[in-house]
Amino acid sequence: MDEHTIARDEGAQGDRNEPQSLEESSQKFGTNLGLGLGLERIGSVAIRRPGLSLLVILLISLITGYGLTRINVDDSLTELFRSDSLEFKKYEVLTKRFPASEYDVLIVVEHPDLLTPDRIERLREITLELDFIEANRGIISIFSAREPPSDQPIPAPLIPAEIPKGKKFAPLKQLILNDEIVGGKMISKDGTLALIVMALKRETVAKEGLETIIANIRTAVNEQVGGTEMKATLSGPPVMQLEIRNAVLADRLIYNSLGFILGTIVCLFFFRSISLTLITIAAPALAILWSLGSLGLVGIELNLFLNVITPLIMVIAYSDATHMMFVIRRHLRLGYNRFDAVKQAIYEVGPACVLTSFTTAVALSSLIFASSALIRTFGVVAAISTIISFLAVIIVVPVLSVLLLHNEAKFKVSTTKRVSFGNLLSSGASWIGDSVREHALRYALAGYLLTIVFGAAYLSLEPRYRLADQVPDREEAIAASGALDDKLTGANPVHIMIELGEGKRLYSRETLGLIAEAQKIMEKSENMGNIWSLEVLRRWLIDKGEISAETLKKYVDVLPKTLTRRFISEDEKTVLITGRMPDLNAASLLPVVDKIDKQLRLLRIAHADYELSVTGLPAIAARNSAKMIGELGFGLMSTIAIVVALIAVVFRSFFAALASIIPNLFPIFAAGAVLYITGYGLQFSSAVALTVAFGLAVNDTIHFLHRLHLERQNGHKDAVTRTVKLMGPVLMLTTIVLVLGLAVTAFSGLPSLRMFGWLSAITLIAAFIGDIVLLPAYFNLEKRITGRGDE
């Protein structure tokens, strides 16, 4: 059955050219369930005054367009893990008392033989140039090291102003490499990599912006290494944040535009009409504009998580708009005028649009109970965006249709059959409908078995999180971090934070002893190195013959504050023991963090007046990522349960709810099986991709059930097969367009977005199979088992 045949079948029921109301439509098709609670009539109201409605659309677009210009990107790496937990509160204490930790720019300089007089001078010039940058709070490098205490008030620098050359340089080289303060910390043991740490002023970053500051740093560094064989790269949280921001903005522009272009081309192939294509594409485009613009107006910032709102809106809005346009086009081909055709679409599709949007909104709202503030915000924003998407579709599609589709005659069915993309989709849908009717039991059993197998794989997935997966992997930050992982045990700081109780002094025997014991625990930890603390300095002084706490205090006082403030707070009430680790998966990092925390328990008991905690971004990520990803997975399952319950209530059918379970679980579990086979595990991007795919699966399920209800009310003998043949082309078209639109993100510079792209494509295809094959198979089985007809 092709488009020509379907249209002729409908045409046999009668042709009307006079305007008809929604009430008349109800009489023709049977009593409506009231799925939309009358909210679909918003579209009917809009077409009564199409000119005024168009002005309203333009006004809303102008206001939200202004909001879009105000939207910002929150590129903070810590915001993903913000919560009300004690661990995150301790991390906030860390960032307040040691603000440099989140604002460190890491300058990595490499050369096969870095420690020569000329290259050391180059390194010194780099640090001097960086000193002149206004955003500089302080710099640590191999030039921060000092000689042991002497008769001089201030110990001399380890590297003198005039660097010896020739044979006299060899002792200095060994001194630098073996120094307890910088050896293995600021210079690799093989002398091929040097690290310069530049702390930025928080207030200057807020004033000038990261882009300007990082550009100034890069210029200063390149001026010194340019023309030499030395290689310099930048890393650290500020650089990563900037790269994330640039990637998010670029991807939003490039891939959203490319997705819409591909979608437009496919629609043109199907509709063979510029006006129909424009209307179909306009609704999701305006839905995205209105939703994102609203975020800008209320001051909500985009981030790695909320950036997924765009494809979620596109999936829901494009699907609903395409369903409406199919009905409008079909009735235009039957000879209806544009007003009648639009009214029929509002009646036939509008209630399902209401139900899909509000069901998805209610389901996504369940995320407000998550412990993560970011997930809670995502749930609220996604729920509101689905409502905005509904309003965009139910207003924009009818209004543009009555304004643009003046020449109804050109849409009438021709007596000449032509091979077209639409006919190919219709023929494919007819084949699927007939095949599912004939082999319903096979398809049903295959669906159950595959869902069970895929579900077992999905439930076996382990949460995975790596910082490198959140940062563009084709930029310099990851390359620099990789070099630090290889040469200096890593760039990711893990801290033991010790807070002194009331009356406790920093240089007391008890405090120094506690710091020493805590450092021993960190030193024994796997993959931990490059440890900085007051204890490192104390051991070095003891090695030089200085053992008194008074000497330690005097030496600390004369060292640069930019160095000492990294492990001693300004009020001397908090100290840090900082170790660095490679960028490990959270599953590998968590046992290390938990082991340190467990070993600190005895110290907490013995020193009850002190607070000891393991903190830092890697520690927070290790602890919270698994929990948050688990919450997303649980939230998704809860969402499906809520949707199934709502289907049972709204359609007044327990079987409809039961039949919808497998089609909605199938795409989720199928994607989980792919993640399991490929070894990717369940990441943030994959969890969100499943949420987006679920949005389409639920959308298509409800549209299918609503159409099936209408066909049964209209007295069709084989309503299930007819529904497949009517719904098949629209589901095919939406799947093709959305797969192409989302799959282009597989070329993004962000690893997380690449995974989101290809995984979304897989889940959308699986969702199509669930809704066009498995769902009708269950209804065909119901008919066989119960003997229930479709009348």
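The count of disulfides comes to zero, where a disulfide is a pair of cysteine sulfur atoms within 2.5 Å. This is a predicted model, in which local features need pLDDT of at least 70 and side-chain atom pairs count only at pLDDT 80 or more, while totals for chains, interfaces and linings use all residues. Residues are numbered from 1 along each chain as its sequence is written, and side-chain values use heavy atoms, with hydrogens and water left out.

**Cysteines**

- C267 is buried, with a relative accessible area of 0%, where buried means under 20% relative accessible area, exposed over 50% and partly exposed in between, for a 1.4 Å probe and protein chains only.
- C353 also counts as buried, at 1% relative accessibility.

**The sheet β6-β7-β5-β8**

- Four strands form an open sheet in the order β6-β7-β5-β8, with antiparallel pairing; strands (E, at least two residues) and helices (H or I, at least four residues) are DSSP runs numbered from the N terminus, and two strands pair if DSSP finds at least two bridges between them.
- The edge strands are β6 (529-532) and β8, each of which pairs on one side only.
- Neighbouring strands of this sheet are turned against each other by 15 degrees on average, direction ignored; axes are lines fitted to C-alpha atoms, for helices over the stretch in contact, and angles run from 0 to 180 degrees between N-to-C directions.
- Strand β5 (residues 492-499) is mostly covered, with eight of its eight residues buried.
- In a regular strand the side chains alternate between the two faces of the sheet.
- In β5, N492, V494, I496 and I498 point one way, whereas P493, H495, M497 and E499 point the other way, and all are buried.
- Eight bridges join β5 to strand β7 (residues 574-581), the two running antiparallel, and N492 stands opposite M581 in β7.
- Five bridges link β5 to strand β8 (residues 611-615), again in the antiparallel sense, and the bridge partner of I496 in β8 is V614.
- β6 and β7 pair in the antiparallel sense over two bridges, and G529 stands opposite R580 in β7.

**The sheet β2-β3-β1-β4**

- Another open sheet has four strands in the order β2-β3-β1-β4, and its pairing is antiparallel.
- β2 (136-140) and β4 (231-235) stand at the edges with a single partner strand each, so one side of each is left without a neighbour in the sheet.
- Neighbouring strands of this sheet are turned by 20 degrees against each other on average, direction ignored.
- Strand β1 (residues 104-110) pairs with strand β3 (residues 193-200) in the antiparallel sense over seven bridges, and the bridge partner of E110 in β3 is L193.
- Helix α6 (residues 117-131) packs on the sheet and touches β1, β2 and β3, its direction making about 10 degrees with that of β3; contact means heavy atoms within 4.5 Å.
- Helix α17 (residues 476-487) packs on the sheet as well, touching β1, β3 and β4, and its direction makes about 105 degrees with that of β4.

**Helix pairs**

- Helix α5 (residues 86-97) and helix α24 (residues 617-650) pack at an angle of about 170 degrees, with their axes 10 Å apart.
- That angle makes α5 roughly antiparallel to α24, since angles over 145 degrees count as roughly antiparallel, under 35 as roughly parallel, 65 to 115 as roughly perpendicular and the rest as oblique.
- E87, F88 and Y91 of α5 make the contact with L617, I620 and R623 of α24.
- Helix α19 (residues 534-543) and helix α20 (residues 549-558) pack at about 115 degrees, with their axes 10 Å apart, and α19 passes α20 in a right-handed crossing.
- L534, L537, R538, W540 and L541 in α19 meet T551, L552, Y555 and V556 in α20.

**Single residues in helices**

- L52 lies in helix α4 (residues 50-70) and counts as partly exposed at 48% relative accessibility.
- L52 and V399 are 347 residues apart in sequence and 9.7 Å apart in space, C-alpha to C-alpha.
- T735 is found in helix α27 (residues 719-743) and is buried, with a relative accessible area of 7%.
- Leaving aside its neighbours within four places in sequence, T735 is in contact with L764, I765 and F768.

How values were computed. A crossing is left-handed if the near helix is turned anticlockwise from the far one by less than a right angle, and right-handed if clockwise.
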